[in-house]
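Have the viewer open as you read.

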Amino acid sequence: MTDEELILEFQKSNDQKAFEILVERFKNPLINFVYRFLGDYEACVDVVQDTFVKVYRYKDSYTSVAKFSTWIYTIAGNLARSEYRRRKRNSIFSINDYGEEGENYDIPDNKFRPDVETYNKFKAQKIQEALMKLKEVYREAVILRDIQGLSYEEIAEILKIEEGTVKSRINRGRAQLQKFLKNIYKD
Amino acid sequence: MIMEENINNKLLDDLRNLPKVSAPDNFEEELWKKIYKPEEKKESFWQKIFSTNKIIPAATAAAIIIIFFLVRPNSSDYEDPFMIEPPVREDIITVSNDDAGVSGMIEQKQKIEQQEWKTDESKRSSLKKELAKPEIDSSIKDNLTESATTPETLSQSSGTINDEVQFDIDKEELNFLKRNLTDQEKQEILELKRKIKASDTPKAE
């Protein structure tokens with residue numbers, strides 16, 4: 001069954017099994033997206049759980065016009081942005097305020113770093129740090145395109161902006177990212 | 001596209017191949033707990049301000065302040081600013097004129113005028129006394145008493161009044177342009193003018 005069929009099933013008969021399948025399909029992609037955006041694993045798990053709570057409670061607000069993945073990414077993106085801004089407001093005197101362009105961000109929790117175990121520790125950490133230095137709008141677009149692998153059209157729908165704007169944001173984000181990582185990518 | 005070419009392909013590959021972060025084992029368990037937890041109602045800004053635990057102490061404090069001002073023991077000493085009469089505009093103007101010395105000048109002028117009036121009055125009264133003498137023609141007397149204040153009538157009758165009286169009249173107060181001359185006087189003036197002209201012409205030559 002497709003995602004759209006599952007959500008329609010859940011809407012019609014309140015089938016919890018259909019909802020569980022959707023959770024199973026989307027929990028990891030959403031966790032990955034929100035983690036790369038927030039840089040904090042615990043916060044990202046909370047945001048993704050809240051996303052599914054919203055899907056469960058407001059299932060009827062979904063219309064079959066849009067793709068389910070676009071809808072759920074929009075919810076997750078909105079919640080992630082709110083959480084990021086809330087954390088930014090509350091971290092005025094945080095030791096984490098070392099962004100180059102006035103960007104505040106949190107140091108990822110080193111006690112639990114799933115990426116550290118499987119990938120080159122140093123490089124992954126530097127990329128994540130560089131991502132956190134990007135402006136919100138560029139970071140979101142780069143993550144959705146280069147990490148999540150979504151199409152420009154899907155990203156435009158999720159962010160509710162024009163496709164041209166999406167491309168522009170991605171290009172600017174990549175350029176800034178390269179600038180921040182110039183010590184790694186010298187050539 | 002041009003910008004994309006400038007981006008290091010290795011960076012794009014590394015972004016694509018970043019390790020995928022996965023959900024914790026107890027994700028679903030925590031999710032169901034959250035779903036079954038009753039939804040927390042978020043209070044709006046106005047609800048927060050006017051909540052009972054805030055509005056009651058605020059109202060009490062306001063009431064205490066109002067009562068303190070209304071039932072104060074030394075309330076008689078208190079001068080209500082709303083009861084003080086505002087300064088009148090006229091007073092302000094008078095004060096400003098005094099500063100400039102205008103009122104003093106006006107008073108001085110009024111005194112001078114009063115003095116002039118008194119001297120005129122004394123002159124008139126002396127003139128009346130003179131006219132009251134029996135040798136003066138009764139017609140002239142009537143005429144003078146009727147219009148003693150007007151300088152025109154005085155000048156008209158000046159021919160019959162003696163020299164002493166004529167000397168007392170101040171010429172500055174008389175308007176010669178409005179003077180009604182008799183035919184005899186007109187002839188005398190014309191003769192004088194001719195004489196003046198006759199005396200001037202040889203000098204000019």
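This is a predicted model: local features need pLDDT of at least 70, side-chain atom pairs count only at pLDDT 80 or more; totals for chains, interfaces and linings use all residues.

Residues are numbered from 1 along each chain as its sequence is written, chains are lettered from A in the order in which they are written, and side-chain values use heavy atoms, with hydrogens and water left out.

Let's start with chain A. Its secondary structure is nine helices and zero strands, where helices (H or I, at least four residues) and strands (E, at least two) are DSSP runs numbered from the N terminus. Of its 187 residues, 53% count as buried, meaning under 20% relative accessible area with a 1.4 Å probe and protein chains only; exposed is over 50%, and partly exposed lies in between. Among chain A contacts (heavy atoms within 4.5 Å) between residues at least 6 apart in sequence, 65% join residues at least 24 apart.

Now for the two chains together.

| Item | Value |
|---|---|
| Area buried between chain A and chain B | about 3400 Å² |
| Share of that area on carbon and sulfur atoms | 60% |
| Residues from chain A in the contact | 41 residues |
| Residues from chain B in the contact | 30 residues |
| Salt bridges between chain A and chain B | four |

Buried area here is the accessible area (1.4 Å probe) that two parts lose on being put together, summed over both. A salt bridge puts a side-chain nitrogen of Lys or Arg within 4 Å of a carboxyl oxygen of Asp or Glu. A:Lys123 and B:Asp14 form one, at 3.3 Å, N to O.

Next, the core. A nonpolar core is a set of buried Ala, Val, Leu, Ile, Met, Phe, Trp, Tyr and Cys residues joined through side-chain atoms within 4.5 Å. The largest one has 68 residues, and those touching the most other members include A:Phe19, A:Leu177 and B:Phe27. Helix 2 (residues 16-38) of chain A gives the largest share of this core, 12 residues. Beyond its neighbours within four places in sequence, A:Leu177 is in contact with residues of both chains, among them A:Leu131, A:Val142, B:Leu11 and B:Leu15.

Is B:Trp46 buried or exposed? B:Trp46 sits in helix 4 of chain B and is exposed, with a relative accessible area of 56%.
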